[in-house]
Amino acid sequence: MVDPLDRPSAVVELDAVVPLEFNGRRIDWVATQLFEKQQGDGGPVVSRSELTRWVREGLLTVDGRVVKPKTTAAAGQRIRLRAERLPRFDWGAAEDLAFRVVYEDPHIVVVDKPAGLVVHPGAGNPRGTLVNGLLRHRPALAALPRAGLVQRLDKDTSGLMVVGANESSLKSLVADMQARRIERSYLAIVEGVVEADRRIDLAIGRDRRNRLRQSVRPDGRAAVTHVVVKGRFAAHTLVEARLETGRTHQIRVHMATVGHPLVGDTRYGARRIVPPGGTEAVNEVVRRFPRQALHACRLALPHPASSERMTFESELPEDMQCLLQALEAR
């Protein structure tokens with residue numbers, strides 16, 4: 001296995017002309033807008049944070065002159081950026097972690113993430129994340145934004161995720177995700193009896209009172225979830241939720257808003273209700289379920305190289321199977 005630090009760094013070169021509609025705007029904002037759009041026209045995949053950092057480091061020129069981020073742009077000016085992209089993480093950040101690789105080829109990696117595994121490093125989780133495990137499994141991912149991640153799952157949500165294994169594949173998958181050509185379905189066990197299948201169309205944004213939560217807001221981003229009932233119990237329901245959009249905590253927020261929070265999801269109002277007349281053993285299984293009962297069970301996407309439609313499925317993890325068995329036993 002090759003250490004990614006032994007590879008030469010990738011050089012990113014971006015070039016664009018300021019259009020008339022961007023005249024008078026800050027050059028850092030203009031660069032972000034133009035170069036992100038350029039990705040879809042064959043340019044390299046770069047993140048907004050990378051662009052911002054490179055502009056602040058003086059790597060952006062306007063008509064050959066280095067400028068500050070707050071410089072005002074004029075229509076017709078040529079802006080260029082040349083930067084050296086170092087591997088995102090050093091070899092010390094690669095770790096041997098437990099997750100199942102469902103499928104892989106030179107273009108994509110599909111993994112089945114276990115509950116409890118954080119997806120990427122961040123505040124409070126500098127190591128031990130899925131990204132760290134992916135870098136151990138395939139070191140070349142270190143050169144890609146977010147190690148090739150196209151989507152994310154909450155720490156306590158289990159299931160399928162796709163990773164772009166090279167720059168071209170990542171760009172293609174991001175475009176497919178934005179165009180809603182990637183289908184994602186989840187199984188969830190919710191509190192209460194859901195009467196019928198439904199389409200939930202409620203915009204979502206950050207909760208104004210608690211930044212760790214999302215909430216339904218009229219000024220939020222459009223969010224649509226299709227809910228299909230798969231099984232009913234005395235006080236709970238097994239549903240399949242298909243995402244039409246992919247907002248943070250979307251299924252959790254939508255189900256809680258319509259009165260059916262996910263079992264174990266105390267952040268969004270789960271009451272740990274138990275089946276009427278249930279045995280103490282059944283009640284304990286329900287009360288003590290340690291996470292939101294949510295599993296990404298199906299993923300369908302066009303292969304970035306061949307365009308062949310590929311479908312992947314994942315069975316419910318053991319903890320959710322045990323929860324269902326307890327509800328059925330009642």
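Why does S307 count as exposed? The relative accessibility of S307 is 56%, and S307 therefore counts as exposed (over 50% relative accessible area, with a 1.4 Å probe and protein chains only). The legends below begin with the whole chain and return to this residue at the end.

This is a predicted model in which local features need pLDDT of at least 70, side-chain atom pairs count only at pLDDT 80 or more, and totals for chains, interfaces and linings use all residues. Residues are numbered from 1 along each chain as its sequence is written, and side-chain values use heavy atoms, with hydrogens and water left out.

**View 1. The whole chain.** The chain contains seven helices and 15 strands, taken as DSSP runs (H or I of at least four residues for helices, E of at least two for strands) and numbered from the N terminus. Its C-alpha atoms fill a box of roughly 75 × 50 × 40 Å along the principal axes. Of the 330 residues, 48% are buried, that is, under 20% relative accessible area. Among contacts (heavy atoms within 4.5 Å) with a separation of 6 or more, 66% join residues 24 or more positions apart.

**View 2. The nonpolar cores.** A nonpolar core is a set of buried Ala, Val, Leu, Ile, Met, Phe, Trp, Tyr and Cys residues joined through side-chain atoms within 4.5 Å. The largest such core has 46 residues, and those with the most contacts inside it are L130, L134, L149, V162 and I251. Apart from it lies another core, of 21 residues, including L14, L34, L60 and V62. Leaving aside residues up to four places away in sequence, L134 touches F99, V111, L141, L149 and V163.

**View 3. Helix α5.** Helix α5 spans residues 250–257, and because six of its eight residues are buried, the helix is largely enclosed by the rest of the structure. The buried residues are Q250, I251, R252, V253, H254 and M255. I251 is also listed among the residues with the most contacts inside the largest nonpolar core. After α5 comes G259, whose phi is positive, near 90°.

**View 4. Loop residues with positive phi.** R146 lies in the loop between α3 (130–137) and β7 (158–164). The phi of R146 is near 55°, a positive value in a residue other than glycine. At 42% relative accessibility, R146 counts as partly exposed, the class between buried and exposed. S307 lies in the loop between β14 (294–302) and β15 (309–313). Its phi is near 70°, again positive in a residue other than glycine.
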